Amino acid sequence: MTNHFYITTPIYYVNDVPHIGNAYTTIAADILARYHRQLGDDVFFLTGTDEHGNPAARAAERRGLSPLEHVNEMVKRFQELAQRVNASNDFFIRTTDSEHEQSVQNFLSKLYDRGDIYLKSYKGLYCPACEAFYAPKDLLAGKCPDHGTVCDEVEEENYFFRLSAYQSRLIEHFDKHPEFVKPQSRFNEARSFITGGLEDISISRATLKWGIPIPWDESQVVYVWVDALLNYLSALEYAGDHDLTPEFWPASYHMMAKDILKFHAVIWPALLMAAGNKLPEHLFIHGYLLMGGQKMSKTRGNVLDPFDIINRYGTDAFRFYCFREVTFGQDGVVSIEGLEARYNSELANDLGNLVSRTTTMIEKFGGGLVPAATESSKSDIASLAGSVTSDVTAAMSRVDLTGALEKIWVLVRRLNKYIEDEAPWKLAKDETAASRLELVLYNLAEGLRICALLLQSFMPETSTEILSRLGQATETGGLQQRILWGGLKTGGRVIAGEPLFPKIERS
Ligand code: MSP
């Protein structure tokens, strides 16, 4: 039976242009989506934009545009970013899609009919950038802990969701599903939000016009976070030519950074419980990309432009750098200098050189044809490839993306060392060493093929290029079979070609 794998990114706010933090989660989700397609799973990968709410409305006003004009323009940059990072998303949801709006209204009507929503007057401290209320104790020096800005005192009559009624069911769910939130530290954090006590939350806004109308009271719009969370369900209803919900819900993974953990680990599951839906299998919470020690954010203005980076260094180098440099799950500093250093040492020197040396030597000393296996092809290179493959498989199942890359590089480096040790250019001069030379070229080609397959989800273009230079099939799927030592299709023509990663000269 085919396994279904549904993975999502947060839907991004469109009040400003995208920065590399947005690209980061999209690439992480893309790596997992591609990896699961390699395993043969039926994958649905969703990303998109969160277009309602105060920040978008205010940004539109500043620009003298209507909110819809503003978001229609901004969304293009986010769609372009998804393409430029080579995201293989199956759908791009916009919360302004009419089907999404209808789906949100249906969902809330159901909760209203079940008695989980009621009207109440409310006063609180509100951060417009977070779209969230804060208790005074949660503020840092009287300011929003995330944005460092002053919160507004807001009083209105709103519809409330009975979040407090779900406290014990939520705790029960956490205790029954220790892998619900990963990594463990985030699980503990989320669980303690819940044990710390839950208050009912306001799910509508009376003062804001830019949102989905509450179906039974059109004077109010749906709170943007409820609108946004529901994208994960609504998209399945209309992304395909039939309702995909039965195949793909519950989601396998919601990926995000820790800033939005509470919404996903507390409010989202409670909303789903209230509607009688299953809960997602896992939330995976990664860390922040930092610049100069601070979280990169549009509000702070310390952002790296992903389009710039991709134009300068290429999509695959960017994808590689993000996950090689910062241990996935933890915070880490990124910089152009760091990217150039990794690019030169690990892409130009390690991987790029391995590809050009292997293919050039096959051209020169192997007649330009993919070498055939010989009796003695079972070498320590073969056993290393086997152990690296199982390490990468284990790392991918833990969503340890950095660990997987580290393991792949063990094989890349070992193959480079093998070239040094065996010196095929010397073997080529020695007539008695012909079979040894054939063996060495075979081991190199086969080792490199395995590296390319393991890299496919991380660096799809590079992987395809390596496989085609080696005369191998480039389609995805069947990984478990194809990854085995000995799978090299022999006899085809090998192409040496241009360097994959020309060295960057520091300016
Ligand atoms: N619209 C909400 C999400 C709704 S999901 C139902 C939102 N949007 S956002 O544009 O602010 O995106 C936040 C997400 O972007 C983070 O959770 C994370 O996935 C990603 N990142 C934003 N900045 C980041 C870093 N500096 N580092 C890593 N990830 C970053 O919140």
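Analyst: **Contacts of the ligand**

A backbone N or O atom of Ile-11 lies 2.8 Å from a nitrogen atom of the ligand. This pair is a polar contact (N or O atoms within 3.5 Å). The model is predicted, so that local features need pLDDT of at least 70 and side-chain atom pairs pLDDT 80 or more, while totals for chains, interfaces and linings use all residues. Residues are numbered from 1 along each chain, and side-chain values use heavy atoms, without hydrogens or water.

Gly-21 also contributes through its backbone: one of its polar backbone atoms is 3.4 Å from a nitrogen atom of the ligand. Thr-25, by contrast, takes part through its side chain, where an N or O atom is 2.6 Å from an oxygen atom of the ligand. Ile-11 and Thr-25 are also among the residues that come nearest to the ligand, together with Asp-50, Asp-259 and Leu-289.

Attention now turns to the packing of helices (DSSP runs of H or I, at least four residues; strands are E runs of at least two). Helix α4, residues 98-113, packs against helix α8, residues 231-238, at an angle of about 120°, and their axes are 9 Å apart (lines fitted to C-alpha atoms; angles run from 0 to 180 degrees). The two helices are therefore oblique to each other (under 35 degrees is roughly parallel, over 145 roughly antiparallel, 65 to 115 roughly perpendicular, the rest oblique). From α4, the residues Glu-99, His-100, Ser-103 and Phe-107 meet Asn-231, Leu-233, Ser-234, Glu-237 and Tyr-238 of α8 (heavy atoms within 4.5 Å).

A second pair is formed by helix α11, residues 306-313, and helix α13, residues 336-365, whose axes are 13 Å apart at an angle of about 30°. That angle makes α11 roughly parallel to α13. Here Ile-309, Arg-312 and Tyr-313 of α11 meet Ile-336, Leu-339, Glu-340 and Tyr-343 of α13.

Most residues other than glycine have a negative phi, and most peptide bonds are trans. The bond from Lys-182 to Pro-183, however, is cis, with omega near -10°, and Pro-183 is found in the loop between β7 and α6. The bond from Trp-249 to Pro-250 is likewise cis, with omega near 5°; Pro-250 is found in the loop between α9 and β12. Finally, Asn-86, in the loop between α3 and β3, has a positive phi of about 65° although it is not a glycine.

Terms used: A residue is near a molecule or strand if one of its heavy atoms lies within 4 Å of it. A polar contact is a pair of N or O atoms within 3.5 Å; within protein, one must be able to donate a hydrogen and the other to accept it, and residues adjacent in sequence count only if both atoms are side-chain atoms.
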